[in-house]
Amino acid sequence: MTIKTNEIDRVLDTFRAGSRFLITSHVSPDGDAVGSLLGIAHLLRGLGKTDITCVLEDDVPRIYTWLPGADKIVKQDAVTKTFDTSVLIDAHSADRSGKVAPLLPKANTFVVIDHHLVEKADGDLKWVDPTYAAAGEMVYDLYVKSGVPLTREAAECIYTAQTTDTGSFRYSNTNPRSHRIAAGLMETGINIRAITERVIDTMSRGKYNLLQRVLGRIQFGANATVAYADIYAKDLAETGALGEDTDGLINYLRNIEGVRVAMIFREAKDGKTKVSFRTQAELNAADICRAFGGGGHAVAAGATIDAPIDEAREQVLAHLRNHSGLDV
Ligand code: 5GP
Ligand code: MN
């Protein structure tokens, strides 16, 4: 596994040269988005920087609000100053940051750090490497290369990024380097059991109620090799679940014996539908989602389709019929 040393050095040079920083990540932030964003903020502080603004369009999901620095993440409306350096992490196109997007190119240098399968990335300086299991792992390598001592606070953010994006080191993206990084993180004294309890092993009552509904609604196709389910806005309202509680539900579909493709169609704002995709290796989820304007990884990807749920579902099933030969 070759690490793109050049890019790491250029990112660090840019960080060292900058003085006013904006850091953001993608909409519907997950553990890697919040953890890697905060990891960059801790690194910059370690480099002696003091003017750092962390921004996300959406609220930090409740299971990540305890992360050191999460309380300082603001919404784009609260941002009035200018920046010399902007950083987008765990995403490669400005528009993935939602309403934060217009702020990114305003900086002198717009840095993109991402680990998704990418055809073309935004940014003046891009470090994109899909061999990393989590963007948080990229932050770890920035720490190592910079010589900045890794604090326990930063390690908690990076470990959260890793454990969420690797499904607790079980997904196919997990590699020997992931475990070496985890070892380095543990050496700072972080309590991995406490972190796991907070971000992996806790289910809100709302999520439990929603899960119960969704499990009863799974449909199967192509000899039960395809499983999919819908989530409507009213499901959240009626169960008390939050948007963030839909995270991870798709694993229950994917884990059913014989299932090779799992999908969740979720009613989104403005008559749109968010589709989440999980596949086995023979079918590239990112390619399928790119056909709908989205993207992601080979086995986990997503897209937002500008159509109501019934129509969006039919479009995706038709695409699968036509491009993968699946009888769905
Ligand atoms: P999830 O299904 O959990 O929302 O997302 C799975 C993966 O696909 C994540 O890595 C996520 O960043 C990516 N992804 C989800 N939705 C989109 C999207 O609309 N556009 C792009 N480019 N990637 C997405
Ligand atoms: Mn990620």
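How many residues of domain 1 are in contact with domain 2, and how many of domain 2 with domain 1? I began my notebook with this question, working from a predicted model.

**Entry 1: the two domains.** I looked up the domain assignment of the chain, which gives domain 1 as 6–201 and domain 2 as 205–324. I then turned to my opening question and found eleven residues of domain 1 in contact with 14 residues of domain 2. The C-alpha centres of these two domains lie 26 Å apart.

**Entry 2: the area between them.** I noted a buried area of about 930 Å² between domain 1 and domain 2, with carbon and sulfur atoms giving 43% of that area. On the side of domain 1, the residues that lose the most area to domain 2 are Arg62, Leu117 and Tyr171, which together make up 49% of what that side buries.

**Entry 3: polar links.** I recorded two salt bridges across the interface of domain 1 and domain 2. I examined the pair Glu244 and Arg62, which forms a salt bridge with its closest N and O atoms 3.8 Å apart. I also noted five residue pairs in polar contact between the domains. The residues of domain 1 that touch domain 2 comprise four nonpolar, three polar and four charged.

**Entry 4: the manganese ion.** Which residues are the protein donors of the manganese ion (ligand 2)? I found Asp32 (OD), Asp90 (OD), His115 (NE2) and Asp165 (OD), at 2.1 to 2.3 Å from the ion. Their spacing in sequence is D-x57-D-x24-H-x49-D. I located His115 in the loop between strand E4 (109–114) and strand E5 (125–128), and Asp165 in helix H4 (residues 152–165). This pair, 50 residues apart, links distant parts of the chain.

Methods. Residues are numbered from 1 along each chain as its sequence is written. Chains are lettered from A and ligands numbered from 1 in the order in which they are written. This is a predicted model: local features need pLDDT of at least 70, side-chain atom pairs count only at pLDDT 80 or more; totals for chains, interfaces and linings use all residues. Side-chain values use heavy atoms; hydrogens and water are left out. Domain bounds come from an automatic or database domain assignment. Contact means heavy atoms within 4.5 Å. Buried area is the accessible area (1.4 Å probe) that two parts lose on being put together, summed over both. A salt bridge is a side-chain nitrogen of Lys or Arg within 4 Å of a carboxyl oxygen of Asp or Glu. A polar contact is a pair of N or O atoms within 3.5 Å; within protein, one must be able to donate a hydrogen and the other to accept it, and residues adjacent in sequence count only if both atoms are side-chain atoms. Ala, Val, Leu, Ile, Met, Phe, Trp, Tyr, Cys and Pro count as nonpolar, Asp, Glu, Lys and Arg as charged, and the others, Gly among them, as polar. Donors are N, O and S atoms within 2.8 Å of the metal (3.2 Å for Na, K and Ca); water is not among the atoms, so sites may look incomplete. Helices (H or I, at least four residues) and strands (E, at least two) are DSSP runs, numbered from the N terminus.
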